[in-house]
Amino acid sequence: MSFHQEKMLNQLAIILLLLPLVHSAGQATKLEIILSKQDFQVGEEMLLVCKATKEGDMTWHKGGEEIDDEDIVSKLDYTTSKLLIKKASLSDGGTYTCMFESEDGHKVDAQSVIYVYEGPSFHGTTTYHEFLEGANGVVPCLGTGQPAVDIAWLKDGELIPSTPGVRVRKMSDNTLHIEKVKRSDAGTYICQAQIRGRAIYKQLPVSVVANAPPTVHIREEVKKVIAGPETNVSLLCLVDGLPKPNITWTLPFEFDPSRHLFNSDRSQLTIQSVVRADFGEYVCTAKNKIAESSATFMLHVFESPEVFLSEDQHSVNVGERVSVSCNVTGHPQPELHWINKQNGEELDTTGRVQAVGGMLEIKEVMPADGGRYSCMAVGISGNASRDVIIQTQPGPPHYLTVTPGPSSVLFTLKTFPINGGAPIKSFVLQWKKSETNKWEESIVAASDILAITNLKPYTKYTVRMAALNDVGQGQFSVDNTVRTEGKLGEPDSPALSTSQAVVEGNSFSVPLQQIENGGSPLLHFNVQYKQETEESKWETLQLPSDVNSVSLKDLAFGSDYHLEVRAINSNGSSVPAMLNFTIAEQPVSSKMTKGTVVGIVILIFLLVFLAVDATCCYRNRCGLLMAVAGKLSRWKDPSLKKVEEGEGTTNGDVTLKGLSKPRDSIQQSEVQTVSKEAGQLSEVTCDKVPLTKNERLHPTANL
């Protein structure tokens, strides 16, 4: 910093120091007493400071007298003086005056009032009080102090009034009066002692306790429970009292910590998995320093009824006997009843279905007896039941409607048969054409359509049905006779009266009758027939609807025939009516026909031819017969060749194949037909044939 700058700063400081003096020179002197507080407790240090704005002389005065005690009054500087009392006493209280006189003779003073007090205090005041609920309570407050002390009572920050008639009030002797103490009156009260006229006070907390003897309340004096592993019961003891009572329990049995549980204050006892042995009296006792009280629970433990059956299901055939036993237990002992669940009626000891000594008995079981029977245990502690199912074969179907169709018969049940106690799962459907036939049957599920199928149209059947369950087949319904219908309204097969059929030569006739036209008029009949041979073809013809017979002509003799006749209406064709018949061999007749004449002519021609040829053979060794005879002789005997060549001899007798006769003995004009005998062909011979050189053979020569 430069010298010039330092010089300027010094001048500025001098000016600042002179400013208050210059300012005060033009104003009046001010004087002020400075003190830390106005109220001092006896024994405290009391300090007063007098401060003037100018220099001058200061003195202290009290009660018009100057205080010149140097131990009390001292000058700090020309503008300040202090008054110090190290231990204040009650007499030190009062008005203190600080007087100031400046050098120029100006005088001024200042005053300050000092209060010195002692206390307040609560010597001998009890700070804890207990009162019995409903009694009157008085709480004293012994507050002292100097100068006088005012007493006040407060609770929860609110001033308690002194008004007469108020239940909680301050009395004239400064005591707190609580009329008919309530529990709500308990708490902390404040006794406040205040120096009169000054904001100096002291508070003393006083505790008030409202005591009450124990009381025990229970909601249920008698409790009833059912024993069982899932049954828990709680006994609640509602205890009241101040101080808070201790709770104890007296049990009718030895305490079992595994099943008997208490809550934290033991006001509630819980018994788990209640058993019959838990019944009895339970005593809850509450006790505090005032008194004790108790209450008693009565616990009734019942055992639920149980039912035991010898079996849950019994299958039996119709007509047999049924016996099912039932036992019941419980506490108190329940009553036993048998109920027929089919009709809801209770069984008695009489009748075919009865209950005797807990035993269900059914004599000669019927389908209607099947179903559920309930054994019931009825008691104070509740009811229980178990069912037994009696099952037998179903009853016969009733209220049955049978409706025929073209190839089926439909069964319709207005109501299902009695099921015998087991659900009907299927039905047996039977049918037959005549009494001599065996019953045919099919089994149909009960949920399906009950129908017999694949029957022939326009055919009479006897039908019936029976129900099936798990036990077996029930009785059949009554027999119903039905006749099937046409499939699409087509006519029934025509009826051919075979007993009246007529065969005349190669003609055939059979009576024809139409029984059912299918609801529509017949148009015509289609007829077809053929011989029963593989190569034969069908012959057809159409007959009018009003014809009453079928006539066939020009049939082959000695033949078997197959005939089919169909009736036709606008809806279609019937099933053919079929018939087999035979045309006999043609009979011998004297009546000449053209064929006969032709046959005779041919026969005559053959006879003439043979006669001429035989003549030629006999006379001239010519002709067809001669040629054939020669050829055959040479083939069978080689020696003939030698004879023809002149090498053999003969005696004039000719033997042909075992035929040995003199020449002259051969009959004239004899003819034999060719036939097979023993595998050889017999020869045809003719006589009157001139001998050639063969005639000169030796008589003993054999041909």
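**Notebook: sheet, helix and contacts in a predicted model**

I began with an open sheet of 5 strands, ordered β27-β34-β33-β29-β30, in which the pairing is mixed. Its edge strands are β27 (313-315) and β30 (345-346), and each of them pairs on one side only. I note that the model is predicted.

I then looked up how β29 meets β30. Strand β29 covers residues 335-340 and runs antiparallel to β30, with 2 bridges joining them. I checked N340 and found E345 as its bridge partner in β30.

Next I turned to the helix. UniProt, in an unreviewed entry, places a "transmembrane region" at residues 597-618. I looked at that span in the model: residues 597-618 are 100% helix and 0% strand, and the end C-alpha atoms lie 32 Å apart.

I also looked up a nonpolar surface patch of about 670 Å². V598, I602, F605, L606, F609, L610 and L624 make the patch. Helix α2 (residues 594-620) gives the most to the patch, with 6 residues. I picked out L610, which is found in helix α2. L610 has a relative accessible area of 33%, so I list L610 as partly exposed.

The next entry concerns E130. Which residue does E130 meet in a salt bridge? I found K289, with an N to O distance of 3.0 Å between the side chains. E130 lies in strand β10 (residues 128-132) and K289 in the loop between β25 (280-287) and β26 (292-309), so the pair ties together parts that are 159 residues apart in sequence. E130 is partly exposed at 34% relative accessible area, whereas K289 is exposed at 54%.

E130 has a further entry: a polar contact of 2.8 Å joins its side chain to that of N211. I located N211 in strand β18 (residues 201-217). Is N211 buried or exposed? N211 counts as buried because its relative accessibility is 5%, under the 20% cut-off.

I went on to other salt bridges; the count comes to 20. One of them joins R169 and E179, whose closest N and O atoms are 3.9 Å apart. R169 sits in strand β15 (residues 168-170) and E179 in the loop between β16 and β17, 10 residues apart. R169 is buried, with a relative accessible area of 15%, while E179 is partly exposed at 31%.

I also noted D470 with K425, where the closest N and O atoms are 2.9 Å apart. Here D470 is in the loop between β40 (460-468) and β41 (473-476), and K425 is in the loop between β36 (409-413) and β37 (426-432), 45 residues apart. I recorded one network as well: E133, R183 and D240 are joined by salt bridges that share partners.

Last I looked up backbone angles. K180 is not a glycine, yet has a positive phi of about 50°. K180 lies in the loop between β16 (176-178) and β17 (187-195), and is exposed at 55% relative accessible area. R266, also other than glycine, has a positive phi near 60°. I placed R266 in the loop between β23 (260-262) and β24 (268-271); at 36% relative accessibility, R266 counts as partly exposed.

Where are the cis peptide bonds I noted? One joins Q146 and P147, with omega about -10°, and P147 is in the loop between β12 (144-146) and β13 (149-155). Another runs from H331 to P332, with omega near -10°. I found P332 in the loop between β28 (322-331) and β29.

Definitions and conventions. Residues numbered from 1 in each chain as written. Predicted model: local features only at pLDDT ≥ 70, side-chain atom pairs only at ≥ 80, totals over all residues. Heavy atoms only, no water. UniProt positions renumbered as here; feature names shortened; annotations may be inferred. Helix = DSSP H or I, 4+ residues; strand = E, 2+ residues; numbered from the N terminus. Pairing = 2+ DSSP bridges. Patch = residues over 30% accessible without salt bridge, like charges linked within 9 Å, V, L, I, M, F, W, Y side chains within 5 Å. Areas by Shrake-Rupley, 256 points an atom, 1.4 Å probe, with all protein chains shown as cover. Salt bridge = Lys/Arg side-chain N within 4 Å of Asp/Glu carboxyl O. Buried < 20%, exposed > 50% of the residue type's maximum accessible area, 1.4 Å probe, protein only. Polar contact = N/O pair within 3.5 Å; in protein donor to acceptor, adjacent residues only side chain to side chain.
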